[in-house]
Amino acid sequence: MELHVRYEGDDDPEKCSARKLARFDLAELHRATRSTPPGIVLNPFADRALSPADRPTAGDGARHDRLVALDCSWETAEREAFDLEGVHRSLPFLVAGNPVNYGTAFQLNTVEAFAGALCILGERDHAERLLSKFSWGHTFLELNEEPLARYADCGDSSDVVAVQDDYLAEE
């Protein structure tokens, strides 16, 4: 699955997971919205949760063979910034494993968002390859082992939301 990033460049370049993915040729950065190809857009403001039903299937064309993320500061992330072409999906409850937002729910960096999405879509090996480039990458998978497995077993978005509700009730 191709990974594309609409790159804002407003975070510390030394800590930017999207830039590191691009350096390893694991994702492509795009500086403008119009140059960002359509795909499954990981959007925290989306009405539907990502689920295994969003997996690419024959006949989907390239649109569902791509994950698209917006790399920007959480302080400046607004609904309008996610105005990207494609199918918009939010990620369910997951906890950050990166040193900046460690243990914070829903505050994932770009590589964690991609990894979580890939696991839900049944591409855990791809997620592990991405996270292997980060010293803390395994931590994200360890913290989210159970929810990622449960989300990956869901049938559709409503099932994912039901599983998420179990975790939110515990919080």
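This report describes a helix, a strand and a set of aromatic rings in a predicted model.

## Helix 2

Among the buried residues are T110, E112, F114 and C119.

Both ends of helix 2 can be described. After the helix comes G122, which has a positive phi, near 85°.

Strand 4 pairs with strand 1 and with strand 3. Strand 1 (residues 2–7) runs parallel to strand 4 and is joined to it by six bridges. R6 has L70 of strand 4 as its bridge partner. Strand 3 (residues 39–42) is also parallel to strand 4, with three bridges between them. Here L42 stands opposite A69.

## Aromatic pairs

A pair of aromatic rings is described by the distance of the centres and the angle of the planes. The structure holds four such pairs. One of them is formed by F93 and Y167, which are stacked, with 5.7 Å from centre to centre and 5° between the planes. F93 lies in the loop between strand 5 (86–89) and helix 2, whereas Y167 belongs to helix 6 (residues 157–170), so this pair ties together parts that are 74 residues apart in sequence. Buried means under 20% relative accessible area; F93, at 5%, is therefore buried, and so is Y167, at 9%.

Y167 also pairs with Y151. This pair is edge-to-face, with centres 6.5 Å apart and 65° between the planes. Y151 is in helix 5 (residues 145–152) and Y167 in helix 6, so the pair ties together parts 16 residues apart in sequence. Y151 has a relative accessibility of 0% and counts as buried. Ring pairs link F93, F106, Y151 and Y167 into a cluster.

## A charge over a ring

Another contact involves the ring of F134. The charged end of K20 sits over this ring, 4.8 Å from the ring centre.

Note on methods:
Residues are numbered from 1 along each chain as its sequence is written. This is a predicted model: local features need pLDDT of at least 70, side-chain atom pairs count only at pLDDT 80 or more; totals for chains, interfaces and linings use all residues. Side-chain values use heavy atoms; hydrogens and water are left out. Buried means under 20% relative accessible area, exposed over 50%, partly exposed in between (1.4 Å probe, protein chains only). Helices (H or I, at least four residues) and strands (E, at least two) are DSSP runs, numbered from the N terminus. Rings of Phe, Tyr and Trp (its six-membered ring) pair if their centres lie within 6.5 Å; planes under 30 degrees apart count as stacked, over 60 as edge-to-face and the rest as tilted. A charge sits over a ring if NZ of Lys or CZ of Arg is within 6 Å of the ring centre and within 35 degrees of the ring normal. Two strands pair if DSSP finds at least two bridges between them.
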